[in-house]
Amino acid sequence: MQDSPDAARLLGAVADTLEAEILAATDPSVRHEVRVAANLCRIVQREMALEGEADRNAEGRLAALLGHGGSSRRLWAELAGELEAGAFADAGEEGAVHAAVLAIVADKLAVAKPGYDSYDFAAERS
Amino acid sequence: MSPHPERLAPDAVELSAGRNGSPSGHGGPAGDADLAAGVARALADADPAAPPPTVHVTGVASAGATRRTVFVDIVRDGSTTEAVAQLAPALARSLSPTAEAACVRQAATAGVPVAEPLVATDDAGYVGVPFLVSRRVRGLTVPRQILRAIADRPGFGTTLARQCGKTLAALHGLDPAEVPDDVSRLVDPTPTVAYAEHLRLVAASLAPSPVMALGQRWLARNHPEAAKPCLVHGDMRNGNLIVDDDGVAAVVDWELAHVGDPMEDLAWLCLRCWRFRADHLEVGGFASLTELSDAYEEAGGTWRADAFHWWKVARTMWWCLVLQLQAEAFVASMSSSLVLAASGRRVAEMEYDLLMLIRPDD
């Protein structure tokens with residue numbers, strides 16, 4: 001148990017400070033690093049809020065494809081191995097894998113870069 | 001076989017560090033005097049008949065992990081030439097500076113706007129590393145500044161996209177037989193087959209990923225018919241262009257040049273990651289694709305839509321792998337760079353782009 005403010009608030013405060021006072025006082029040669037640092041604070045902040053549910057969702061999606069449970073990381077690697085070995089060969093099966101993998105990636109983007117998946121590539125599909 | 005594997009990670013390191021800073025006004029920590037003297041010696045050796053020049057380091061353009069780029073003034077006979085010195089440690093094993101200079105000069109003969117090479121040496125004896133000195137071309141290089149200039153000037157984005165098409169058609173029209181022997185050939189048995197195999201090897205060195213596996217399946221199923229190989233720049237995109245009021249003043253950073261499929265260049269230029277949020281303007285955030293493809297064909301190029309899409313998928317996958325390699329370098333404590341650490345959280349962006357490019361029809 002820790003006293004207030006909580007971890008998320010602290011990370012937000014670090015990011016705010018980096019982006020305001022520190023960025024303004026920073027040599028141009030390292031401003032990029034300061035921006036990256038602030039962004040990483042915000043990513044970790046979102047990760048703390050979202051990762052539990054996203055991980056459970058990923059486990060569910062992968063378990064449905066593979067027919068058994070396990071940690072999301074293990075199932076992810078297993079699915080890759082199955083694909084490399086030629087499994088999920090017909091279009092319907094591969095489509096289901098694509099949809100599940102895309103949903104997992106979308107959950108990662110909700111942490112790493114919210115809004116990135118709003119662009120739908122409609123004009124640039126083969 | 002492939003020009004890429006050995007420099008995959010180092011180049012990526014430099015890209016992520018951002019090479020487009022403005023001169024900082026103080027030329028780096030130490031060694032500027034030695035650097036200036038070494039460059040002056042190389043210039044004197046390259047042209048013994050001319051009076052020996054003096055050289056001053058005037059600023060640091062960027063300090064990437066593989067290539068340090070420094071602004072220098074070359075003073076000869078009382079006149080000053082503004083130049084840029086790119087210092088490449090042998091460790092990076094990129095195209096050697098002399099081979100790079102040869103590619104740049106050959107491209108210039110076709111009308112490609114370049115920064116004229118002034119002296120190149122593969123000899124580390126002058127300044128400790130091989131280097132290339134080119135005439136400095138004034139203009140914007142930072143992608144977001146270029147996109148702001150486009151926003152301020154209606155039609156300017158179209159101009160840039162069309163110039164890119166014309167420039168690439170000119171480059172790709174060169175006779176590949178005249179490309180120096182030490183420039184790699186990505187052609188055996190075809191450029192796409194060779195590149196897919198290269199991606200497979202890189203992916204195999206990383207944690208298994210269903211996204212990469214789906215990408216590899218798509219690539220294997222969709223190889224386009226091969227075209228005649230040509231000299232390709234290998235890294236022409238928003239970020240490696242110098243842009244002035246008239247448009248593209250120079251295409252820079254030729255260290256990934258190789259002989260391969262012309263559509264590789266066009267696809268790379270059009271990846272989403274080089275649009276800097278102007279996602280709907282496919283050509284580097286400049287303009288829509290027809291501006292590029294029309295200009296390419298009007299200048300004598302052959303647009304192959306299937307190969308263009310294949311290379312977009314392949315190069316998106318490559319960039320996704322590079323981000324993973326960067327993150328690996330951080331995790332393995334080969335680098336303490338925060339930017340490399342952050343690359344691990346950018347992998348999802350390229351995974352998303354890849355999955356959308358190969359999405360099956362609903």
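Me: Hi! What should I know about the model before we start?
Reply: It is predicted, so local features need pLDDT of at least 70, side-chain atom pairs count only at pLDDT 80 or more, and totals for chains, interfaces and linings use all residues. Residues are numbered from 1 along each chain as its sequence is written, chains are lettered from A and ligands numbered from 1 in the order in which they are written, and side-chain values use heavy atoms, leaving out hydrogens and water.

Me: Thanks. How many helices and strands are in chain B?
Reply: Chain B has 12 helices and 9 strands. These are DSSP runs numbered from the N terminus: H or I with at least four residues for helices, E with at least two for strands.

Me: And what share of chain B is buried?
Reply: Of its 362 residues, 58% are buried. Buried is under 20% relative accessible area, exposed is over 50%, and partly exposed is in between (1.4 Å probe, protein chains only).

Me: Let's switch to helix 7 of chain B. Which residues does it cover, and what is its reach?
Reply: Helix 7 covers residues 210-221 and reaches 17 Å from first C-alpha to last, close to the 16 Å expected at 1.5 Å a residue. That expected span is 1.5 Å times one less than the number of residues.

Me: Why call helix 7 of chain B largely enclosed?
Reply: Because 10 of its 12 residues are buried. Among them are Met212(B), Arg217(B) and Trp218(B).

Me: What do the buried residues of helix 7 pack against?
Reply: In chain A, helix 3 (72-84) and helix 4 (91-112); in chain B, helix 6 (191-204), helix 10 and helix 12 (347-357). A contact is heavy atoms within 4.5 Å.

Me: New topic: how many aromatic pairs are there over all chains?
Reply: The structure holds 13. Rings of Phe, Tyr and Trp (its six-membered ring) pair if their centres lie within 6.5 Å; planes under 30 degrees apart are stacked, over 60 edge-to-face, the rest tilted. One of the pairs is Trp268(B) with Trp319(B), edge-to-face at 6.1 Å centre to centre and 80° between the planes.

Me: What does the Trp268(B) and Trp319(B) pair tie together?
Reply: Trp268(B) lies in helix 8 (residues 262-269) and Trp319(B) in helix 10 (residues 305-331) of chain B, so the pair links parts 51 residues apart in sequence. Both Trp268(B) and Trp319(B) are buried.
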